Amino acid sequence: MRSSTIMAALGAALSVRAADIDFEGLPDTGLDTSAWTAGENPPIDDMVDANDFQFAAKNKLNGRRYAYYRTAALDEITYERNMHDWEKLRMNGFAFNDVSNLYKNTSILGYEFASPFFIAPAAKAGYTDDGAETNLVKAAGDENILYVPSISASLSIEEIGAAKRDGQIMFHQQYIWSDKDRLREELKRMEDSGFHAVFLTVDNTGVEGVRPRYDRYRTSGGTSHADDNTISAINELRQMTSLPIVPKGVKTAHDVKLCAELGFPAVYISNHGGRQVDLGPTAIEILLDLHRDYPEVFGQIEIYADGGVRHASHILALISLGVTAVGVGRPFYFANIYGQDGIAKLIDIFNTELDTTMKLMGEADIRGMRGNATFTNTKKVELDYFGAPLPNDISTSVYSIPEPLY
Ligand SMILES: Cc1cc2nc3c(=O)[nH]c(=O)nc-3n(C[C@H](O)[C@H](O)[C@H](O)COP(=O)(O)O)c2cc1C
């Protein structure tokens, strides 16, 4: 009697600890955490979508480490907008089509990948698993997905490069350090380690965002980022490497246009997962600005985008707005609590969602969806962002279909 009372109390205590997970306003999809034990990995079979990995990481990691990944700038309004802007979209499906031949191969800077999404650079994969970035390299290599490690990774450029599968194409992220010798040396090491391009993050102008959720745990401060991102400074940097450079963290249509004019092969629209400027616009909003002000840019330069992408429908919305490929950040770093298996599972989840959503929308070929605004109605975002819907020849509404699709 006494031991069963203790067992019941213990069970209750465990389930209370586990059920205590705050889902942070993310969709309730029926995930049952009552059998989870705080501080441990939940069963990987419980993971059926990207948000599940966030809850699992929250259950597993200590407060400091979870906060490191989850944190965002100031009141986290941009972070929340990234997560919730999708709710304003309407995805249009067309029923009378043949969807038997699925095609979602995507060319990024001339390299062929199996899917239109990639793993965005995020620091310190070692906070979730000892395999750190090598887990991401291997799973991405197995599925022919692009992974772009951060220069602030847990492992060195060489260690990450050495984990590549045969023939695996990877790019590397770089910051603009004030120490130019360091910058030059790291770019050289990226070339020597077989990386094929550099995502140059341009939204850390001298500092990084103030992030209260993580700053509470910080023990040291300081920054090594350069203050000078003028065109002449950037041009000097471009002379330091033969690798193609893609500016990452561009957050206005104006700067996207500038990147095209400066001759970059691609540009990466991102608000850094809401970690830099709070109240900044989302990728959808910046893309709408581009459609309004500089529509020619879509034909001049490859465009990538990220921020709050948690489902294939989000990927497809950005693709239909003209993006070549879409980055996913936090979910993959949360999935890394399961090591390579977690990364592989999340890639598989995104691929399955893509296959089903594309078929159900009546376009099984990603090339038919890219830049095809008829698939996404953005009127509600336009109303909110511009104060009125855009004219129909610019807007991405089903009502503006210029001619039959087929
Ligand atoms: C923990 C963490 C660390 C990050 N570190 C970097 C970094 O080192 N370099 C960089 O360019 N972006 C970095 N980012 C931004 C991501 O590349 C990406 O833009 C962002 O995570 C996308 O938003 P999402 O997490 O909602 O998918 C980081 C993001 C997170 C969450």
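**Close-up views of a predicted model**

**Figure 1. Arginine 211 sits in the loop between strand E6 (198–201) and helix H8 (212–215).** The model shown here and in the other views is predicted. Arginine 211 has 22 other C-beta atoms within 10 Å; 20 or more count as buried, so this residue is classed as buried. Leaving out residues up to four places away in sequence, arginine 211 touches Thr71, Ala72, Ala73 and Arg275.

**Figure 2. Histidine 272 is placed in the loop between strand E8 (266–269) and helix H11 (283–293).** With 26 other C-beta atoms within 10 Å, histidine 272 is buried. Apart from neighbours within four places in sequence, its contacts are Asp203 and Gly249.

**Figure 3. The ligand is surrounded by 24 residues.** The closest of them are Ala122, Ser150, Gly273, Gly329 and Arg330. Two elements, helix H3 (63–70) and strand E10 (325–328), each give two or more residues to this shell. Sorted by class, the shell around the ligand holds 12 polar, eight nonpolar and four charged residues.

**Figure 4. Seven strands make up an open sheet with parallel pairing.** The strand order is E4-E10-E9-E8-E7-E6-E5. At the edges are strand E4 (117–119) and strand E5 (172–175), each of which pairs on one side only. From one strand to the next, the twist averages 30°. Within this sheet, strand E7 (residues 245–250) pairs with E8 in the parallel sense, over two bridges. Lysine 248 has tyrosine 268, in E8, as its bridge partner. The view also takes in Gly249, which is in contact with histidine 272.

**Figure 5. Helix H2 (residues 50–60) is mostly covered.** Of its 11 residues, 11 are buried. The buried set includes Phe53 and Phe55, along with Asn51, Asp52, Gln54 and Asn59. Lys58 and Lys60 belong to the buried residues of H2 as well, as do Ala50, Ala56 and Ala57.

**Figure 6. Leucine 258 is part of helix H10 (residues 253–261).** Around leucine 258 there are 17 other C-beta atoms within 10 Å, and the residue is therefore partly exposed.

**Figure 7. Arginine 90 lies in strand E1 (residues 90–91).** This residue is partly exposed, because 13 other C-beta atoms lie within 10 Å, and the exposed class requires 12 or fewer. Arginine 90 and threonine 378 are 288 residues apart along the chain, while their C-alpha atoms are separated by 6.9 Å.

How values were computed:
Residues are numbered from 1 along each chain as its sequence is written. This is a predicted model: local features need pLDDT of at least 70, side-chain atom pairs count only at pLDDT 80 or more; totals for chains, interfaces and linings use all residues. Helices (H or I, at least four residues) and strands (E, at least two) are DSSP runs, numbered from the N terminus. A residue is near a molecule or strand if its C-beta atom, placed from the backbone, lies within 6 Å of it. Ala, Val, Leu, Ile, Met, Phe, Trp, Tyr, Cys and Pro count as nonpolar, Asp, Glu, Lys and Arg as charged, and the others, Gly among them, as polar. Two residues are in contact if their C-beta atoms, placed from the backbone, lie within 7 Å. Two strands pair if DSSP finds at least two bridges between them. Axes are lines fitted to C-alpha atoms, for helices over the stretch in contact, and angles run from 0 to 180 degrees between N-to-C directions.
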